Amino acid sequence: MENEVTIRIGGESGEGTISGGDILALASARWGYHVFTFRTFPAEILGGPCLFQVRISDRPVKSMGDYADVLICLNKEAYDRNIGDLRRGGVLVYDPGDFTPESDDFITYAVPFNELARKEVQLFQTKNMVMLGAIAGLFGPPLEALLQVVESRLSKSRKANPILMEKNRLALDVAYRYVREKIEKRDPYQLGPVEKADRVVLNGNQAVVAGALAAGCGFFAGYPITPASDIMEALAKELPQVGGAFLQAEDEMAALAAVLGASFGGVRAMTATSGPGFSLMTELIGLASMAELPAVIVDAQRAGPSTGMPTKMEQADLSFALYGGHGDTPRLIVAPANVADCYTLMGLAFNMADRYQMPVIFLTDQSLTARVESVDRSVFQPFTIEGRLEYGKAASNGANGANGASSNGKHEAAAALAASFARYAYTASGISPMTVPGPGAIPYSATGLEHDEHGHPDYEPEDHTAMMQKRFRKLETAAQELPQPEPYGDSNAEIGLIGWGSTEGAIQEAVDRARAKGYKVASLHLRILSPLPDRALRNFISSVKTVIVPECNYSGQLANLLGARYGLQPIRVNKFGGIPFTAGEILRAIEEVC
Amino acid sequence: MVQSTTPTLTLKDYKSEVKPTWCPGCGDFGVLNATLRSMAALKLPVDQTVVVSGIGCSSRFPHFIRTFGFHSVHGRALPVAQGLKMARPDLTVIAVGGDGDFFSIGVGHLVHAALRNIDITAIVMDNETYGLTKGQTSPTSPHGHKTKSSPYGLLASQFNPVATALSLNVSFVARGYSARPKELAALIEQATLHRGFSFVHVLSPCPTFYNTFDAWDAAVAPLPEEHDPSNRLKALGYALDSEKQYIGLFYREERPTMESVAREVVAPREFRIEEYIQRYA
Ligand SMILES: Cc1ncc(C[n+]2csc(CCOP(=O)(O)OP(=O)(O)O)c2C)c(N)n1
Ligand code: SF4
Ligand SMILES: [Mg+2]
């Protein structure tokens, strides 16, 4: 018996496919298992095919799995669309009232979902509960684990009523008994009891929100866009509760403009968007860089160009994040690799924005926004908040509320300070002490025009040259100060993979599997893409014979960057269908090199 | 608005060391003068006042004032100012710019500033042209106006800022004339004191590219004394007058401001991640 199973549910949106999957993942995680989910959404609100896949294991799970071990089909179309992803020898669970599968490459179990919901429970909406009951009876987790999640969900829902709860319970039970009595189990997948662990279960966007709040974010402005809207909606609810402020802007230019206004006021501020909105923000990113204002900009990448595929993933905004905008514009780029990163790197991103007085672009992607993982609770520690370098003050501690009220004691001392204040002073690090409006603060004007040390408009060639150098010097300082990534895998590797963003798990799993086959492989994953972790990259590149760069984009944007920077000509492995890599796909790329 | 405890009283105290870059005779001098005067009258603390602008001749404004300033990008003064005020309700926030800033590239923001009623003051220096880019037509240029960008005469019709603000139900609507800095200063003072979004439309000629001084000297007239600033319909009538350019307070209404209501919806408490993350256990 294997204590790991990947279950895919294929159905129609609106049938409870996704919510049923969520319950399955949560119940399994609470029961003590590691989970990792993948889902697709149809483009429309109602109707259209969708799928939910969850990998459940007693060991940590890094990727969504190459194939489904179990495929639950809620209708014939789900079968046609998904059967290609079912492992040979895997289990197909279907409704004999819908169709009869032709192939005998699989173990098949017939469960009349529709009939059980209609006739036994007498409430067709419970079809997804019937499905969950059947899953519990066939593979686990135990019925009680599911029931607990269903009960706690329903009790929080607006639809809460005792009759509905009773029907749900009945549906779970009817299906559970049905499969136990009628189906003779012929597959190896059975989730046994495991030790309980202290984990929380959440998706990437939820972790971003938790990270923003823990980082002391006190202002959010944004404009709705898939797949970033949940961040906005959550912060709309949470920020007022911690003394922060929220604004739904009229467009993304207004959103980032408002964020820069708040940031000028000394408040940690952020926005979240996706491709089209990110494009609109370009001019204001330049302003943030020029006026040296901290800001965190989450770009939940989706498949482009243009409106592209709003509900599909892609890692194709890297070049734009790096180079978008006119003029030479220093900016910082952070890319989370998993749900835990979505939390911890938000803390880092806010500290980086404040420390280097620069916009930080936080590149997540659609698959990570919706990916549910079980994460050790210990990941969610309070952050050490490193505030801005304020003139006449030690680095301040950020807080969710307004923190600009800096009172600067004596009058004469203040006057002397004021006389020597140069907001954009040339410093060795490039970082100049700033002030924030409030009692006693020394005023200055921020501007997008080139300026002298005092912020006054200035077009002299020497000054522009020196100011450009100062702004870019902050990137060099950051490169010195920020953490370098550690290679993963064989320390004598011949083949090295370099990745970024949400693909880390699939890459590392491929490395593990390749090593098990005897290949000498390692990987390096970049969480900070501007400035590049130069030392780690140079060491890694020179330590291996061949470099492979797997990316979910057409043009190989990281490969291009590494080529430009290090003269590297890596083997490019690009996937751009809107669906993340599986570990198997990357493993195949490794094997092709060997 | 914050009143200072250590009074800074004269216009000079608000002037920065940066000399205005405007052409001699530019209307914006009068607006700057009036603004500095209103600041002095209100004793606005320089450390707790922020003047936000877009891009244009008029948007150079913050550099000439000793308060905090934020010279942003073309058209975005209003969202910058609103974000600042939402995050820092304790500050006095003034957004300034030109007719291109407010009625062309950033006109969308005007609508939403009106709907939100965040307590900021907007001062728009309208010269019916794009001064900085050398005289092309703007939304407030008159129909038929000939410029380098309208060699056959402007084909579009003319935007009416005050009528638009009134129709958007902006909670404070006024018009001033840069050649009448005393009246203008009084209007800016009232606008700053008003709680909510205040809109001050200022006729501020550009003698270099479109000299409207004579035309406005002739057309400008104070609003009739009997005008009741709570009567929006009447105000709209004055705004739509095709001959006269009325100056004065058109309309005022006290209404809740978004930044204060937003802070009253719940009682804030300290954030603790240990507590917050429990919802995902
Ligand atoms: C996005 C963008 N487009 C165009 C410009 C060029 N530009 C600068 S100021 C301006 C118009 C200025 O007119 P107005 O706002 O009326 O200000 P004025 O100079 O008349 O005071 C334009 C088009 C710019 N700076 N940014
Ligand atoms: S070009 Fe016109 S608006 Fe600009 S400074 Fe000169 S007179 Fe003033
Ligand atoms: Mg103009």
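Contact, as used in these legends, means heavy atoms within 4.5 Å. The model is predicted, so local features need pLDDT of at least 70 and side-chain atom pairs count only at pLDDT 80 or more, while totals for chains, interfaces and linings use all residues. Residues are numbered from 1 along each chain as its sequence is written, chains are lettered from A and ligands numbered from 1 in the order in which they are written, and side-chain values use heavy atoms, without hydrogens and water.

View 1. Helix α11(A) (residues 282-291) lies across β15 of chain A and β2 (68-71) of chain B, at about 135 degrees to β15(A). Helices (H or I, at least four residues) and strands (E, at least two) are DSSP runs, numbered from the N terminus. Angles run from 0 to 180 degrees between N-to-C directions, with axes fitted to C-alpha atoms, for helices over the stretch in contact. The open sheet has 9 strands in the order β15(A)-β2(B)-β1(B)-β3(B)-β4(B)-β6(B)-β5(B)-β8(B)-β7(B), and its pairing is mixed; two strands pair if DSSP finds at least two bridges between them. β15(A) (445-447) and β7(B) (220-222) are the edge strands, each with a single partner, so one side of each has no neighbour in the sheet.

**View 2. Strands β5 and β8 of chain B.** β5(B) (residues 172-177) and β8(B) (residues 245-252) run antiparallel and are joined by 4 bridges. Val173(B) stands opposite Tyr251(B) in β8(B).

**View 3. The sheet of chain A.** β12(A) (residues 332-334) pairs with β13(A) (residues 359-365) in the parallel sense over 3 bridges, and Ile333(A) stands opposite Ile361(A).

**View 4. Packing of helices α17 and α20 of chain A.** α17(A) (residues 504-516) and α20(A) (residues 583-593) pack at about 55 degrees, with axes 8 Å apart. This angle makes the pair oblique (under 35 degrees is roughly parallel, over 145 roughly antiparallel, 65 to 115 roughly perpendicular, and the rest oblique). Residues of α17(A) in the contact include Ala506(A) and Arg513(A), and those of α20(A) include Leu587(A) and Ile590(A).

View 5. Among the residues around ligand 2 are Trp22(B), Cys23(B), Asn127(B) and Phe209(B), where near means a heavy atom within 4 Å.
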